[in-house]
Amino acid sequence: MAPKGLIAGNWKMNGLRASVAEIEDLKARMAATPVACDVLVCPPATLICSFVKAAQGSAISIGGQDCHAALNGAHTGDISAQMLADLGCSHVIVGHSERRADHGESDADVQAKAAAALSQGLVAIICVGETEAERDDGRTIDVVTSQIRGSFPDGATADNTVIAYEPVWAIGTGRTPTPADVAETHAAIRAELVALMGEQGNRTRILYGGSVKPSNASELLTVANVNGALVGGASLKAEDFWGIISACQ
Ligand code: PGA
């Protein structure tokens, strides 16, 4: 049986205190209409507390966008998995391509962050994806499977680990791979997960991310081995995010 869908919003470095109204709006929509998938919002660290509070009594989970590999210590400006768990987060995104690019995070760094997340009872959402040049060279599957192998933590299970496939060239650009391309890459990711985890690999969620919006959500979410979406820009407004959540069957 396919795993239950997960629609996750990645707010990136967006949102101010007034943005809590979007969570209240989403909560009201979810109270009025049952949804078929799990729903997660990952705000910037500054808003985690208020979003956790606003989401109380709803099925909305709140997550972080990154965590340090250590649980505490002299790491100015960083946030640990322990801190996220303490605030009421259930998930954390690790290895987003913006962090790999802007902060030079390697697969080994991402693996250590994912391990820290698991140690604190958080679900690690491990992001992978090829650049446009890598795609043009026909290296998509090689790049993505090698990122998964390199970033995969010990102790990963279908319940504590999610893979998000996000082609770098599709993020924030309005461009998406064709459903056939998504199907091919997700099938390769599934095979890699089964090789790494055995039977659990069939139950591990694989999200697609990169320019998902209400108008293309149905098409992308019904591709084989797509078990949900990681949504950037279109997760910032409850109305748009709801359009994607409603497309998840
Ligand atoms: P996007 O971002 O939906 O704005 O393309 C997705 C992501 O980077 O997670």
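User: Where does Asn227 sit?
Analyst: This is a predicted model. In it, Asn227 lies in the loop between α9 and β8, and β8 spans 228-231.

User: Is Asn227 buried or exposed?
Analyst: Asn227 is buried. Its relative accessible area is 6%, and the cut-off for buried is under 20%.

User: What does the side chain of Asn227 make a polar contact with?
Analyst: The partner is the side chain of Arg190. The distance is 2.8 Å.

User: OK, on to the ligand. Which residues come nearest to the ligand?
Analyst: Five of them: Lys12, His96, Glu166, Gly172 and Ser211. They belong to a set of 13 residues around the ligand.

User: How far is the side chain of His96 from an oxygen atom of the ligand?
Analyst: 2.7 Å, counted from an N or O atom of the His96 side chain.

User: And what about Glu166?
Analyst: Glu166 also brings in its side chain. A polar atom there lies 2.6 Å from a ligand oxygen.

User: Which part of Gly232 lies 2.8 Å from an oxygen atom of the ligand?
Analyst: The backbone of Gly232, through a polar atom.

User: How much of the ligand's accessible area does the protein cover?
Analyst: The protein covers 95%. On its own, the ligand has 280 Å² of accessible area.

User: Which pocket does the ligand sit in?
Analyst: The second largest pocket.

User: Back to Lys12. Where does Lys12 lie?
Analyst: Lys12 is in the loop between β1 (6-10) and α1 (20-32).

User: What is phi of Lys12 near?
Analyst: Near 55 degrees. That is a positive value, and Lys12 is not a glycine.

User: Where is Ser211 found?
Analyst: Ser211 sits in a loop that runs between β7 (205-209) and α9 (214-221). Ser211 counts as buried because its relative accessible area is 15%, with the limit for buried at under 20%.

User: How far apart are the C-alpha atoms of Pro177 and Ser211?
Analyst: They are separated by 9.8 Å. Along the chain, the two residues are 34 residues apart. Pro177 has its place in the loop between β6 (161-165) and α8. Pro177 is buried, at 5% relative accessible area.

User: New topic. How many salt bridges are there in the whole structure?
Analyst: A search finds 15.

User: Which residue forms a salt bridge with Asp107?
Analyst: Arg100 does. The closest N and O atoms are 2.5 Å apart.

User: Is Arg100 in that pair buried or exposed?
Analyst: Arg100 counts as buried, at 14% relative accessibility. Asp107 is partly exposed, at 22%.

User: What about Glu130 and Arg135? How do their side chains meet?
Analyst: In a salt bridge, 2.8 Å from N to O. Glu130 is buried, with a relative accessible area of 0%.

User: Which helices hold Glu192 and Arg149?
Analyst: First, the contact: the side chains of Glu192 and Arg149 meet in a salt bridge, 3.2 Å from N to O. Glu192 is in helix α8 (residues 179-197), and Arg149 is in helix α7 (residues 140-151). The pair links distant parts of the chain, 43 residues apart.

User: Which residues are linked in a network of salt bridges?
Analyst: Asp66, Arg99, Glu105 and Lys113.

User: Last topic. Where is Ile7 found?
Analyst: Ile7 is in strand β1. Ile7 counts as buried, at 0% relative accessibility.

User: How far is the C-alpha atom of Ile7 from that of Cys67?
Analyst: 20 Å. The two residues are 60 residues apart along the chain.

User: And Ala116, which helix is it in?
Analyst: Helix α5, residues 107-119. Ala116 is buried, with a relative accessible area of 5%. The C-alpha atoms of Ala116 and Leu207 are separated by 21 Å.

Conventions. Residues are numbered from 1 along each chain as its sequence is written. This is a predicted model: local features need pLDDT of at least 70, side-chain atom pairs count only at pLDDT 80 or more; totals for chains, interfaces and linings use all residues. Side-chain values use heavy atoms; hydrogens and water are left out. A salt bridge is a side-chain nitrogen of Lys or Arg within 4 Å of a carboxyl oxygen of Asp or Glu. Buried means under 20% relative accessible area, exposed over 50%, partly exposed in between (1.4 Å probe, protein chains only). Helices (H or I, at least four residues) and strands (E, at least two) are DSSP runs, numbered from the N terminus. A residue is near a molecule or strand if one of its heavy atoms lies within 4 Å of it. A polar contact is a pair of N or O atoms within 3.5 Å; within protein, one must be able to donate a hydrogen and the other to accept it, and residues adjacent in sequence count only if both atoms are side-chain atoms. Accessible areas come from the Shrake-Rupley method with a 1.4 Å probe; for residues, only the protein chains shown count as cover. On a 1 Å grid over the protein atoms alone, a cavity is a set of points where a 1.4 Å probe fits but cannot get out, and a pocket is an open set with protein on both sides within 12 Å along at least five of seven lines; lining residues have an atom within 4 Å of a point. A molecule sits in a cavity or pocket if more than half of its atoms lie within 2 Å of its grid points.
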